[in-house]
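Good morning, and thank you for letting me take a few minutes. Please have a look at the model while I talk you through it.

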Amino acid sequence: MTFHIFYLELEMLSEARARLANTQGKKAKRKAREKQLEEARRLAALQKRRELRMAGINVRKKRPKKRQIDYNTEIPFEKVPASGFYDTSSESYDAMHPDFARLRQQKLDGEMRKDKEEVRSNICHFA
């Protein structure tokens, strides 16, 4: 008798769990399924392109749509600077090791008046 009651309670609990799990409606389930299928399709296409590229077969690019910018190949709204009045061909600039210290505002402004006065006052105190 007690086993039978225990079994009925377990069955009731499993039914309650099933009802709670079924809170999503049909539309939500369909949307989730479609999203999962789309993601699987995208990953399969990506894997296929990767395997073809490794095999040495370059997959042709899709034609760009009209009036649309391909941000991977060009810089949008790029303006080439006009040639200046001064010859900069003799200047050397290492792009891999820029000197950020020379770009600081303190370096451009020079020594601050406050710092000069502190140095002056320190010299007066020691004298």
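Let me begin with a term: a residue is called buried under 20% relative accessible area, exposed over 50%, and partly exposed in between, with a 1.4 Å probe and only protein chains counted. By that rule, 0% of the 127 residues of the protein count as buried.

Before going on, please keep in mind that this is a predicted model, in which local features need a pLDDT of at least 70 and side-chain atom pairs count only at pLDDT 80 or more, while totals for chains, interfaces and linings use all residues. Residues are numbered from 1 along each chain as its sequence is written, and side-chain values use heavy atoms, with hydrogens and water left out.

As for confidence, pLDDT is the predictor's own score for each residue, from 0 to 100, and the protein averages 79, with 91% of the residues at 70 or above, that is, scoring at least 70. Confidence is highest in helix H2, at a mean of 89, and lowest in helix H4, residues 113-126, at 72. Where pLDDT is low, the predicted coordinates should not be read in detail.

What does the secondary structure come to? There are 4 helices and 0 strands, where helices (H or I, at least four residues) and strands (E, at least two) are DSSP runs numbered from the N terminus.

How does the overall shape look? The radius of gyration, taken over C-alpha atoms, is 36 Å, whereas a compact globule of 127 residues would have one near 14 Å, by a rule of 2.2 Å times the number of residues to the power 0.38. Along the principal axes, the C-alpha atoms fill a box of roughly 105 × 60 × 30 Å.

Turning to helix H2, its 29 residues, 26-54, reach 42 Å from the first C-alpha to the last, close to the 42 Å expected at 1.5 Å a residue, the expected span being 1.5 Å times one less than the number of residues. Gln 36 lies in H2, and Gln 36 counts as exposed because its relative accessibility is 59%. From Gln 36 to Thr 23 there are 13 residues in sequence and 19 Å in space, C-alpha to C-alpha. After H2 comes Gly 56, with a positive phi near 95°.

Finally, in helix H1, residues 2-21, we find Leu 13, which is partly exposed, since its relative accessible area is 48%.
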